[in-house]
Amino acid sequence: MPVTSHQQLLLDAGEQPCSAEWCPDAAAASVLAVGTYQLDEASRQRLGKLLMYRLVPPDGDSSAPPQLLPLSSLALPGIFDLRWHPRSAMPQLAAALADGSVRLLAFGKSLEGGGSSGSDSSAAAAPPEATVVPGGEEAAEGMAVSVDYARAAGFEGEQLVTSFSSGQLQLWQAAPAGLTSLASWQAHQLEAWAAAFDYWNPSLIHSGGDDCAYRLWDSRQGFDAPAWQSSKAHGAGVCCASSSPHREHLVCTGSYDDRLRLWDVRSPKRPLQRAEVNTGGGVWRAKWHPSNPELLLAACMYNGFAVLRAAAAESGGLEILESYEHASGSLSYGADWCRDEAAAGGSGASLAATASFYDRQLHLWSYCA
């Protein structure tokens with residue numbers, strides 16, 4: 001079977017997962033961070049937790065796939081999005097929170113080791129310690145709903161961008177001492193659901209909003225107006241944007257209109273839409289595979305999760321290869337590929353973690369091409 005389910009975890013009542021992010025650090029690639037959100041009807045407070053897990057080998061069966069072991073839980077305001085620092089001396093996690101702030105959480109060596117290929121699962125039981133890095137409280141208006149680190153070569157992790165329910169975007173300088181605001185601007189008329197750095201050009205920022213607009217911003221030109229925008233390609237709000245780490249100029253966007261689109265941004269002033277595919281549900285998140293340049297993982301809201309192929313040829317399109325379902329009526333929000341290559345058992349298999357709202361489910365599964 002191309003898709004194999006390995007584990008299904010039911011989170012505690014009140015823990016509705018919105019995001020799932022595997023650590024990119026090679027020494028902690030078996031660590032998964034999950035962010036939750038819950039509106040307390042009595043107090044009207046938006047509450048959240050940062051749940052940490054680690055892949056460990058099953059006791060007594062080295063041939064079986066690893067399982068997720070809970071490590072720790074940290075209470076925070078409701079968490080909409082998480083992003084690991086792409087390259088730091090110690091693992092660091094950025095969180096976009098419902099109180100409008102951005103938090104940086106620094107982890108020490110407690111996250112390292114104890115991976116899926118280890119022999120002692122008890123090593124994973126030590127809870128990781130997180131230190132809150134200063135800054136991020138003086139954020140733009142509204143709830144912080146997405147966050148991303150700069151990833152272009154030579155600029156990894158130096159800057160951070162956040163989008164807000166007010167339609168604003170905010171650019172931060174990220175340093176070991178904390179966050180410093182560099183700029184904030186009104187990027188969209190309605191909720192700005194997505195903000196993401198271009199993987200190849202550190203000056204470009206992609207954004208998407210509930211106003212159906214996909215926009216490109218160039219920090220060299222300032223933020224009074226976008227370098228380019230499309231308000232007609234998407235039939236509903238733009239939920240996510242992701243620049244390919246493998247192919248320069250290639251970007252995907254996901255929308256409430258049930259479609260994932262590919263864009264060629266070779267000319268930032270005139271990007272071209274290359275392809276689109278109907279996923280059967282609004283595309284809340286889309287993640288490029290860490291090593292296969294053609295694979296994408298998409299969280300399709302009411303239609304579960306999908307593995308897609310983005311053809312290598314410029315004239316090629318998008319196709320859905322496989323689907324992975326969560327419970328009917330749940331909302332598929334969190335999705336990410338694991339970077340621990342040994343975790344899925346080899347033979348071309350890739351491990352994924354997906355999280356869905358309402359049914360409070362966290363799933364571990366693999367895809368084999």
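Modeller: One term before we start: a polar contact here is a pair of N or O atoms within 3.5 Å; within protein, one must be able to donate a hydrogen and the other to accept it, and residues adjacent in sequence count only if both atoms are side-chain atoms. Also, this is a predicted model, where local features need pLDDT of at least 70 and side-chain atom pairs count only at pLDDT 80 or more, while totals for chains, interfaces and linings use all residues. Residues are numbered from 1 along each chain as its sequence is written, and side-chain values use heavy atoms, with hydrogens and water left out.

Colleague: Fine. Which side chain does the side chain of Thr162 make a polar contact with?

Modeller: That of Trp172, at 3.2 Å.

Colleague: And where is Thr162 found?

Modeller: In strand β12, residues 159-164. Strands (E, at least two residues) and helices (H or I, at least four) are DSSP runs numbered from the N terminus.

Colleague: Does Thr162 count as buried or exposed?

Modeller: Buried, because its relative accessibility is 0%. The cut-offs are under 20% relative accessible area for buried and over 50% for exposed, with partly exposed in between (1.4 Å probe, protein chains only).

Colleague: What is Thr162 in contact with, leaving aside neighbours within four places in sequence?

Modeller: Val102, Ala144, Ser146, Val147, Gln168, Leu169, Gln170, Trp172 and Ala195. Contact means heavy atoms within 4.5 Å.

Colleague: Switching to charges. How many salt bridges does the structure hold?

Modeller: 20, counting a side-chain nitrogen of Lys or Arg within 4 Å of a carboxyl oxygen of Asp or Glu. As background, side chains of opposite charge can pair when their charged atoms come close.

Colleague: Which residue does Arg83 form a salt bridge with?

Modeller: Glu21, and the closest N and O atoms are 3.1 Å apart. That pair links distant parts of the chain: Arg83 sits in strand β7 (residues 79-84), Glu21 in strand β2 (residues 17-22), and they are 62 residues apart.

Colleague: Is Arg83 buried or exposed?

Modeller: Buried, with a relative accessible area of 12%.

Colleague: What about Lys287, what is its partner?

Modeller: Asp336, with the closest N and O atoms 3.7 Å apart. Lys287 lies in strand β23 (residues 285-288) and Asp336 in strand β27 (residues 331-337), so this pair ties together parts that are 49 residues apart in sequence. Lys287 is buried at 11% relative accessible area, and Asp336 is buried at 2%.

Colleague: Which residue pairs with Glu319?

Modeller: Arg309, with the closest N and O atoms 3.3 Å apart. Glu319 is in strand β26 (residues 318-324) and Arg309 in strand β25 (residues 305-310), so the bridge ties together parts ten residues apart in sequence. Glu319 is partly exposed with a relative accessible area of 37%, and Arg309, at 29%, also counts as partly exposed.

Colleague: Which residues do salt bridges with shared partners join into one network?

Modeller: Glu21, Asp81, Arg83, Asp148, Arg151, Arg285, Lys287, Asp336 and Arg339.

Colleague: On to sheets. What is the strand order in the open sheet with β25 and β26?

Modeller: β23-β24-β25-β26, four strands with antiparallel pairing. Two strands pair if DSSP finds at least two bridges between them. The edge strands, β23 and β26, each pair on one side only.

Colleague: How much are neighbouring strands of this sheet turned against each other?

Modeller: By 25° on average, direction ignored. Axes are lines fitted to C-alpha atoms, for helices over the stretch in contact, and angles run from 0 to 180 degrees between N-to-C directions.

Colleague: How many bridges pair β25 and β26?

Modeller: Six, in the antiparallel sense. Ala310 has Leu318 in β26 as its bridge partner.
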